Amino acid sequence: MNTRFPSNLVGTTLTTGTGTFALEAGATSFSASLDTHLTDGETYHYFVRWPNGTTTGWEEGYGVYSATGNGLITRVTIVNSSTGLATAHSFAAGTKHIAIV
């Protein structure tokens with residue numbers, strides 16, 4: 001697995017559950033600010049959390065970026081999460097921050 005490590009690029013996702021992260025479009029969005037930094041089909045180290053600690057739940061892992069739509073990050077390997085294990089966190093509805101770290 002070739003893993004790329006661009007530095008601290010942040011966007012948002014509304015994804016719920018444990019599926020693929022769909023990235024949000026807009027002036028401060030993931031894809032609008034990252035489309036020149038991420039490569040379709042490459043694996044990236046990511047961190048997802050609720051903004052400003054408003055709700056508990058976070059996840060760190062590796063995912064493959066797809067340029068489909070506004071962009072997708074498909075989970076490949078979960079490193080750690082608020083579950084206390086290397087398992088996907090099941091996110092509730094709402095805006096989450098997703099960072100490529």
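**Exercise 1.** How many salt bridges does a search of the whole structure find? Locate the residues involved.

*Solution.* The model is a predicted one, in which local features need pLDDT of at least 70 and side-chain atom pairs count only at pLDDT 80 or more, while totals for chains, interfaces and linings use all residues. Residues are numbered from 1 along each chain as its sequence is written, and side-chain values use heavy atoms, with hydrogens and water left out.

Step 1. A salt bridge is a side-chain nitrogen of Lys or Arg within 4 Å of a carboxyl oxygen of Asp or Glu. The search of the whole structure finds 1 salt bridge.

Step 2. Glu-59 and Arg-75 form a salt bridge, with the closest N and O atoms 2.7 Å apart. The pair links distant parts of the chain, since Glu-59 is in strand β5 and Arg-75 in strand β6, 16 residues apart. Strands are DSSP runs (E, at least two residues), numbered from the N terminus.

Step 3. Glu-59 and Arg-75 are both buried, where buried means under 20% relative accessible area (1.4 Å probe, protein chains only).

**Exercise 2.** Which strands does β5 pair with, and over how many bridges?

*Solution.* Two strands pair if DSSP finds at least two bridges between them.

Step 1. Strand β4 (residues 43-49) pairs with strand β5 (residues 58-66) in the antiparallel sense, over 7 bridges. Here Tyr-46 has Gly-61 in β5 as its bridge partner.

Step 2. β5 also pairs with strand β6 (residues 72-81), again antiparallel, over 8 bridges. In this pairing Glu-60 stands opposite Asn-80 of β6.

Step 3. The hairpin of β5 and β6 has 5 residues between the strands, and Gly-69 takes a positive phi near 60° there.

**Exercise 3.** Is Thr-13 buried or exposed, and what does Thr-13 touch?

*Solution.* Step 1. Thr-13 lies in strand β2. Its relative accessibility is 0%, so Thr-13 counts as buried.

Step 1. Contact means heavy atoms within 4.5 Å. Leaving out residues up to four places away in sequence, Thr-13 touches Phe-21, Ala-22, Glu-24, Gly-94, Thr-95 and Lys-96.

Step 2. The side chain of Thr-13 reaches the backbone oxygen of Ala-22 at 2.7 Å.

**Exercise 4.** Which residues form one aromatic cluster?

*Solution.* Step 1. Rings of Phe, Tyr and Trp (its six-membered ring) pair if their centres lie within 6.5 Å; planes under 30 degrees apart count as stacked, over 60 as edge-to-face and the rest as tilted. The whole structure holds 4 aromatic pairs.

Step 1. For Phe-21 and Tyr-46 the ring centres are 5.5 Å apart and the planes are at 65°, so the pair is edge-to-face. Both Phe-21 and Tyr-46 are buried.

Step 2. For Trp-50 and Phe-91 the centres are 6.5 Å apart and the planes are at 55°, so this pair is tilted.

Step 3. The cluster consists of Phe-21, Tyr-46, Trp-50 and Phe-91.

Methods:
Helix = DSSP H or I, 4+ residues; strand = E, 2+ residues; numbered from the N terminus. Buried < 20%, exposed > 50% of the residue type's maximum accessible area, 1.4 Å probe, protein only. Polar contact = N/O pair within 3.5 Å; in protein donor to acceptor, adjacent residues only side chain to side chain.
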